[in-house]
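The notes are grouped by topic.

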Amino acid sequence: MAIEIVSTCRAHGGEQLVVRHQSVATGTAMTFSIYLPPRAHGTLLPVVWYLSGLTCTHANVTDKGEFRRACAKLGLAFVAPDTSPRGADVPDDPDGVYDFGLGVGFYVDATEPPYSANYRMWSYLVEELPRLVAAEFPIDLGRQGITGHSMGGHGALTIGLANPGRYRSVSAFAPIVAPSKVPWGRKALAGYLGDDLSAWRRHDAVALIEDGARVPAILVDQGEADQFLTDQLRPELLSAACEAAGIDLTLRMQPGYDHSYGFISTFMTDHLVWHAERLK
C-alpha cells in the first residue's frame with residue numbers, strides 16, 4: 001500500500017512525520033502522524049498508539065501533546081491517527097452538530113447506513129494501520145501500547161480490553177468509560193450501531209469488564225476541574241468495575257485540571273514512562 005509523506009522534521013534527535021494513505025477499511029484517504037526516536041540502524045521500536053478526542057485530527061496531539069522529548073529518551077515510537085474518515089462524500093451529522101459524524105468516529109465499525117460504508121475505525125486501527133505502519137517503519141508489533149483522550153480514551157480502553165494479547169499497556173486521559181450511560185456515547189453508539197445493545201456493550205469499557213474482558217493494569221488521569229467529568233466521563237464507574245474484576249487500576253484525580261491539552265501535556269510523560277516499563 002503506497003504512502004505519501006506529507007511532512008517531516010527533526011525533533012529531539014528523531015523524526016516527526018505526517019503520512020497520508022488510501023485506506024481499504026474506510027474507503028477514504030487517511031492521515032496520521034508518527035514520531036520515530038533516535039535509534040541504532042536495524043532497531044525495531046516499541047510503539048504507543050494515541051487516539052484523540054471528539055473533533056480532533058492527528059494534528060492536535062502532534063502540535064500540543066509534548067510527547068517527543070519523552071519518546072526520544074525512552075525509545076518509543078508514537079503514532080497518532082485521525083478520529084474519523086473524511087471527505088466530501090463521507091456522511092456527517094445531519095444537523096451539523098459537533099458530537100457525531102466527521103471527527104467523531106468513536107472507534108467502532110458502523111453497521112448503520114449511511115455510516116457503515118466509511119466509519120470503520122475499529123478495523124482501521126486494530127488491523128489495517130498497524131500492518132501499514134510496521135511495513136513502512138521500524139515498528140515492533142510485539143510491543144504495542146495504547147492510550148488516548150476523552151473519546152480516544154474510550155477507544156484505547158475498549159480496544160485494549162478486547163485485544164489483551166496485542167497491547168501490553170493501556171492508559172487513558174479523561175476517558176469516556178461507559179458510553180452506554182452518557183449522552184455522547186448513547187448518541188454515537190445508536191447512530192453507528194443501531195438499537196442492538198449487545199453491540200453497544202462490545203464498545204463500552206465498563207460493560208466489557210463486566211462481561212469478562214481483562215488486562216493486567218490500567219492507568220487513568222482525570223482532571224477534577226474537567227467540565228465533562230460528571231455528565232460524560234464518570235470515572236467512578238470504571239473504578240468500581242475494575243475493583244470488582246481485580247484489575248489493577250491507577251486512577252489519578254488531578255486537582256485544578258480541565259479537559260484541555262494543558263492537562264494532557266502535563267501528564268503525558270508519566271504515561272509514556274508507564275508504557276515504556278511494560279513494553280521493554
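The sulfur of C9 lies 14 Å from the closest cysteine sulfur, that of C71, which is too far for a bond. The model is a predicted one, and it holds zero disulfides. Its aromatic pairs come to a count of 13, and it has one cavity of 30 Å³ or more.

**Cysteines**

- A disulfide is a covalent bond between the sulfur atoms of two cysteines.
- To count as a disulfide here, two cysteine sulfur atoms must lie within 2.5 Å; the sulfur of C9, at 14 Å from that of C71, is too far for a bond.
- C9 is partly exposed, with a relative accessibility of 43%.
- C242 is buried, and its relative accessible area is 1%.

**Aromatic pairs**

- The count of aromatic pairs is 13, and one of them joins Y35 and F67 in an edge-to-face arrangement, with 6.4 Å centre to centre and 70 degrees between the planes.
- Y35 belongs to strand β3 (residues 29-36), while F67 sits in the loop between α1 (58-64) and α2 (68-74), so this pair ties together parts that are 32 residues apart in sequence.
- Both Y35 and F67 are buried.
- Y115 and Y192 also make an edge-to-face aromatic pair, at 5.6 Å centre to centre and with 85 degrees between the planes.
- This second pair links distant parts of the chain, 77 residues apart: Y115 is in the loop between β5 (77-81) and α3 (121-136), and Y192 is in helix α5 (residues 183-193).
- Y115 is buried at a relative accessible area of 8%, and Y192 is buried at 0% relative accessibility.
- Y35 and F67 also belong to a cluster that ring pairs build together with Y50 and F78.

**Charges over rings**

- The face of F67 has R68 lying over it, 4.8 Å from the ring centre.
- R278 places its charged end over the ring of W274, at 3.9 Å from the centre of that ring.

- Rolling a probe the size of a water molecule over the atoms shows where empty space is left.
- How many cavities of 30 Å³ or more does the structure hold? There is one.
- The largest cavity has a volume of about 50 Å³.
- Its lining is formed by W49, L51, L125, I146, I159 and Y167.
- By class, six residues in the lining of the largest cavity are nonpolar, with no polar and no charged residues.

Definitions and conventions
Residues are numbered from 1 along each chain as its sequence is written. This is a predicted model: local features need pLDDT of at least 70, side-chain atom pairs count only at pLDDT 80 or more; totals for chains, interfaces and linings use all residues. Side-chain values use heavy atoms; hydrogens and water are left out. On a 1 Å grid over the protein atoms alone, a cavity is a set of points where a 1.4 Å probe fits but cannot get out, and a pocket is an open set with protein on both sides within 12 Å along at least five of seven lines; lining residues have an atom within 4 Å of a point. Grid points are joined across faces, edges and corners, and a volume is the space filled by probe spheres set on the points. Ala, Val, Leu, Ile, Met, Phe, Trp, Tyr, Cys and Pro count as nonpolar, Asp, Glu, Lys and Arg as charged, and the others, Gly among them, as polar. Rings of Phe, Tyr and Trp (its six-membered ring) pair if their centres lie within 6.5 Å; planes under 30 degrees apart count as stacked, over 60 as edge-to-face and the rest as tilted. Helices (H or I, at least four residues) and strands (E, at least two) are DSSP runs, numbered from the N terminus. Buried means under 20% relative accessible area, exposed over 50%, partly exposed in between (1.4 Å probe, protein chains only). A charge sits over a ring if NZ of Lys or CZ of Arg is within 6 Å of the ring centre and within 35 degrees of the ring normal.
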